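Here is a short briefing on one protein model. Look at the structure first, then read on.

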Amino acid sequence: MSAQRLVLLCGRTVRSSVYVQALANSNIVPDAVLVYGDGGGQIQSARQVQGVTVDDLFTPDPCRELVDCLDELDWPYQVCFAQSLSDPALLMMLEALSPRLVVYSGYAGQLVPSELLHRYSVLHVHSGWLPDYRGSTTLYYQIIEQGVCAASALLLDERIDTGPILARKQYPLPPPRADVDYLYDNMIRADLLVSVLDQWLAGLPWNRMSQQVDSSPYFIIHPLLKHMALLAIDKQGRSS
């Protein structure tokens with residue numbers, strides 16, 4: 001992949017670990033990986049986080065640390081301990097990698113600054129059907145309102161989830177008692193990421209769709225509504 005210059009920009013998060021596992025499973029090896037920040041915390045879930053199988057979806061192990069995955073795969077990576085994406089040290093390290101496409105997997109609530117967006121194409125996979133479900137924890141809102149899950153791949157701009165859409169896909173509800181935050185959300189994002197990168201690496205153009213921004217993004221879901229969504233998942237599993 002010498003000419004493509006695919007670079008992963010990864011926080012030390014479960015999602016980053018799942019992405020790396022899914023890419024490796026599909027034989028997609030990035031040209032470089034830049035790991036930044038000091039970690040996203042430990043998994044805390046009362047639901048099943050390992051060994052969950054869903055038809056046609058790769059099953060990762062979200063409990064594996066990102067750097068352990070990279071070491072086991074023998075993928076070269078660099079580390080920047082800066083937490084801010086605007087940190088000069090991080091920007092300098094990323095510039096030295098000469099990315100043509102940056103796959104972003106950062107920390108919750110962190111926005112990619114204009115310093116990055118004006119220099120590079122930054123690919124992000126959002127859990128939720130865009131443009132209908134923009135913002136935070138939209139997977140749960142879509143479960144409550146439509147009874148399905150979805151992921152959307154987009155190139156980031158300076159607003160929240162409003163950049164050009166590259167691909168969208170609907171997915172079934174998670175299996176009953178499966179963890180949604182750490183496992184299923186990341187499984188569907190990784191699945192769409194692999195599809196979009198396969199297309200890019202094959203030299204095929206993306207069918208970009210511009211968004212009309214006429215609604216406000218969703219905010220972090222209230223715990224009671226989240227509980228209702230999880231009950232709907234488990235009830236659906238028992239009745240099927």
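Against which elements do the buried residues of α3 pack? They pack against β1 (6–11), β2 (32–36), β3 (78–80) and α4 (114–117). The model is predicted.

**Helix α3**

- Helix α3 spans residues 88–96, and its buried residues are Leu-90, Leu-91 and Leu-94.
- Seen down the axis of α3, these buried residues fall within an arc of 100°, so they line one face of the helix.
- An α-helix has 3.6 residues a turn, so residues three or four places apart point the same way.
- Pro-88, Met-92 and Ala-96 are exposed, on the other side of α3.
- The N-terminal end of α3 is capped by Asp-87. A side-chain oxygen of Asp-87 lies 2.8 Å from the backbone nitrogen of Ala-89.

**Largest pocket**

- The volume of the largest pocket is about 1400 Å³.
- Its lining has 46 residues. Nearest the centre of the largest pocket lie Arg-15, Ala-108, Gly-109, Ser-136 and Arg-189.
- At least two lining residues come from each of α1 (14–25), β4 (101–105), β5 (121–126), α5 (138–146) and α6 (180–201).
- Helix α6 gives the largest share of this lining, with 6 residues.
- The lining of the largest pocket divides by class into 21 nonpolar, 16 polar and 9 charged residues.

**Second largest pocket**

- The second largest pocket has a volume of about 240 Å³.
- It is lined by 16 residues. Arg-12, Val-14, Gly-41, Gln-42 and Glu-65 are those nearest its centre.
- Helices α1 and α2 (66–73) each contribute at least two residues to the lining of the second largest pocket.
- This lining counts 6 nonpolar, 6 polar and 4 charged residues.

**Cavity**

- How many cavities of 30 Å³ or more are there? The count comes to 1.
- The largest cavity has a volume of about 30 Å³.
- Its lining is made up of Leu-8, Cys-10, Tyr-19, Leu-23, Val-103 and Leu-193.
- Strand β1 and helix α1 each supply at least two of the residues lining the largest cavity.
- By class, the lining of the largest cavity has 6 nonpolar residues, no polar and no charged.

**Asp-191**

- Asp-191 lies in helix α6.
- Is Asp-191 buried or exposed? Asp-191 is buried, because its relative accessible area is 16% and the cut-off for buried is under 20%.
- Which residues does Asp-191 contact, leaving aside its neighbours within four places in sequence? Asp-191 is in contact with Asp-56, Leu-57, Lys-169 and Tyr-171.
- Asp-191 and Leu-57 are 134 residues apart in sequence. In space, the two are 6.6 Å apart, C-alpha to C-alpha.

Definitions and conventions:
Residues numbered from 1 in each chain as written. Predicted model: local features only at pLDDT ≥ 70, side-chain atom pairs only at ≥ 80, totals over all residues. Heavy atoms only, no water. Buried < 20%, exposed > 50% of the residue type's maximum accessible area, 1.4 Å probe, protein only. Helix = DSSP H or I, 4+ residues; strand = E, 2+ residues; numbered from the N terminus. Arc of directions from axis to C-beta. Contact = heavy atoms within 4.5 Å. Polar contact = N/O pair within 3.5 Å; in protein donor to acceptor, adjacent residues only side chain to side chain. 1 Å grid on protein atoms, 1.4 Å probe; cavity = no way out; pocket = protein on both sides within 12 Å on 5 of 7 lines; lining within 4 Å. Points joined across faces, edges and corners; volume = space filled by probe spheres on them. Nonpolar A, V, L, I, M, F, W, Y, C, P; charged D, E, K, R; others polar.
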